Amino acid sequence: MANILHIVVCAGIVPDPLQTLEPVTGPLGPGLKNEMVLPAVLDPWAASALYEAAQLAAKNPGSKLWLVSLGPKAKLQQVMMTVAQKVAFELVPVDGPIGGFPDAHATAAVLAETIAAIPGLDQAKLLLFGGWESATRGAGVTLQLVGERLGITDQFQGVDQIDLREDGSFEVLERVEGGKHQLSVCTGAPAVLGWATGNLAEPRNNPQVGMANMRTIMPALAKAKVAKLEANGLSYVSVSLPKQQRETRVVKDLSPEQIAAELVEWIGAE
Amino acid sequence: MEKILVLTHADESGSALSKASLEAVTAGLELATRLNVPLTIGIVAVNSAIASATLAETGAQLLTVSGEAFAQARYASDAAAVEALCRAAEATIVLAPGTSRFTRVTAGVAHRLGGFIDTHITALGGTETVEASRWFYRQRIEAAISRTTRPWFLLLDAGTHAAFAGAAGAAQVEAIAVELPALRTTVSGFRAPAQDAQTIRPDAKMLFVAGAGWTKKQPDGQTHAAEAGKLILGFLGATGASLGSSKSLVDQGGEGEPVLPFLTHMNQIGQTGSTPRHAKGLSTCCHGEEPHVVGWRFIGSRRAISLDPNCGWTRGKADVVYVADAFQVMAKVNALLEAKG
């Protein structure tokens, strides 16, 4: 018998990894130069969570999938044009600041409040998904804080696999030190799962899925509530690019034997 | 006045402290000395006797949470243990190692105590205040932060402090009782590659990074994935190096291209992978920003083998770039290493 799940994926938007980033400090604190015009993508690990969630929902008929995303409305709309073509979901947007410098606790408070207010969401069936770290702040705490605020005390981070059983319990593989996975069994929802890479490739774009999603995404964006994030006593003493630039020696004229000898000597040196 | 608590936990033995915990102890001792404030150390272990004895020389107040329930690293029980230690210590600053065990629970505990948390801390500075350094945007931007709110939890990255090493002795310990919630999760074990197939070695001196070029067509028009795998594993076997990979090479498995069967996403370094710490790094057949900028931010001495003399990502990032065919070079390297025994 299939289990009916209510899966909520928290996913932010981040600058395309190929972009060069430069920090600037404005009246509201640090940010990125030209942040609003940098091409953006869905946060990579959170995207893995979305694809895993879609597959899980598809395997369990009657399940529902929401994507909760906090960011500037215009950027959200831009990113959703692509993401909406990947898998079917209902977007719950929150119009707020972009970037990695706002406080994670403030972000979590807004997300938890938003999730708790989703119409029709049964928290007893809730699997809260997201990336185990973002590509912006990279703190790995937001999802955990959202879970705590929602009273969920079964949490897993660095998840690469979940196997749902017929009785609603599930096995979960979490990354731990030394290239190993910890295997746990949880009796069932509610639970928080912060995903690492998972096992699924990025789905191909499906224009039909995209069109169906956009019918609900555009009205949701139009109605997105505006969120202001508190600083919570956090201040930035300095924000800078790493200055270390190495003097690279480019070796073009050595034979493989000569290079190998040089490398072996280097490897053996303390 | 600040009051500092260092949280520690046992390693897989259940009794000895993990290396990352001992590093956090060093950080705590340094901070307490600089601020001239008291230090408390909290221990989570099945049996805390050995761990307590290890910390006797610190002179810190020792609080312990012990019992079979804490043999397993699981959110509900670990959060309860850490919460109990924090409430008992009444600390304003809580330092903890950024291990998978504490990373899973510490933010939740900070919320329970009305506190705040920052993670991936690489250094603690400041003069009269506490400033913490960490990276943003996957090791692309460095920042120093401070907070006025307390308690302030700081998770320290592994390898940023020396591990505390003191002579074992008798220590006075205060056992803290924990009221466990209903436990719905059971840890049933670990999954790891066989010992000879384990290519991720966090304690290795060297990181070997394999890029997508290893499985691309070579000058003879053919791919040589099997030969590439043999060369890479031969090098890892001879040197004990840890294996990192670019995302593009790992992703090839899902795209029907030739693959190196021993690679998984856990080998991946960079934006969606790890940023390991090793003394040396050798990258081969990598032609992108990820391995060179993000993936080996914390690698000491760096060399690269690349066919592209103009690869912009190695310039300024590697100490030496050899413009050569990695297949030929690594075959010779392996032969030399084998001859050396």
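**Close-up 1. Helix 3 of chain B crosses helix 4 of chain B in the right-handed sense.** The model shown is predicted. Helix 3 of chain B spans residues 75–89, and helix 4 of chain B spans residues 100–112. Their axes lie 9 Å apart and meet at an angle of about 55°.

**Close-up 2. Residues from both helices of chain B make the contact.** Helix 3 of chain B contributes B:Tyr75, B:Asp78, B:Ala79, B:Val82, B:Glu83 and B:Cys86. Helix 4 of chain B contributes B:Arg101, B:Arg104, B:Val105, B:Thr106, B:Gly108, B:Val109 and B:Arg112. Sorted by type, the residues of this contact are six nonpolar, two polar and five charged.

**Close-up 3. Strand 7 and strand 8 of chain B form a hairpin.** Strand 7 of chain B covers residues 131–136. Strand 8 of chain B covers residues 141–147. The two strands pair in the antiparallel sense, over five bridges. B:Trp135 stands opposite B:Glu142 of strand 8. Four residues lie between the strands. In the turn, B:Tyr137 has a positive phi of about 55°.

**Close-up 4. Strand 8 of chain B also pairs with a strand of chain A.** The partner is strand 14 of chain A, residues 234–240. This pairing is antiparallel and has six bridges. Here A:Ser235 stands opposite B:Ser146. Is strand 8 of chain B largely enclosed or largely open? Five of its seven residues are buried, so strand 8 of chain B is largely enclosed by the rest of the structure.

**Close-up 5. Strand 11 of chain A pairs with strand 11 of chain B.** The strand of chain B runs over residues 185–191. The two strands run antiparallel, and six bridges join them. A:His181 stands opposite B:Arg191.

**Close-up 6. Chain A meets chain B.** The contact takes 69 residues from chain A and 72 residues from chain B. On the chain A side, several elements each supply at least two residues, including helix 1 (44–59), strand 9 (155–164), strand 10 (170–176) and strand 14. Which element of chain A gives the most to this side? Helix 6 of chain A does, with nine residues. The side of chain A that touches chain B divides into 33 nonpolar, 25 polar and eleven charged residues.

How values were computed
Residues numbered from 1 in each chain as written. Chains lettered and ligands numbered in written order. Predicted model: local features only at pLDDT ≥ 70, side-chain atom pairs only at ≥ 80, totals over all residues. Buried ≥ 20, exposed ≤ 12 C-beta atoms within 10 Å, placed from the backbone. Pairing = 2+ DSSP bridges. Axes fitted to C-alpha atoms, helices over the stretch in contact; angles between N-to-C directions. Left-handed = near helix turned anticlockwise from the far one by under 90°. Contact = placed C-beta atoms within 7 Å. Nonpolar A, V, L, I, M, F, W, Y, C, P; charged D, E, K, R; others polar.
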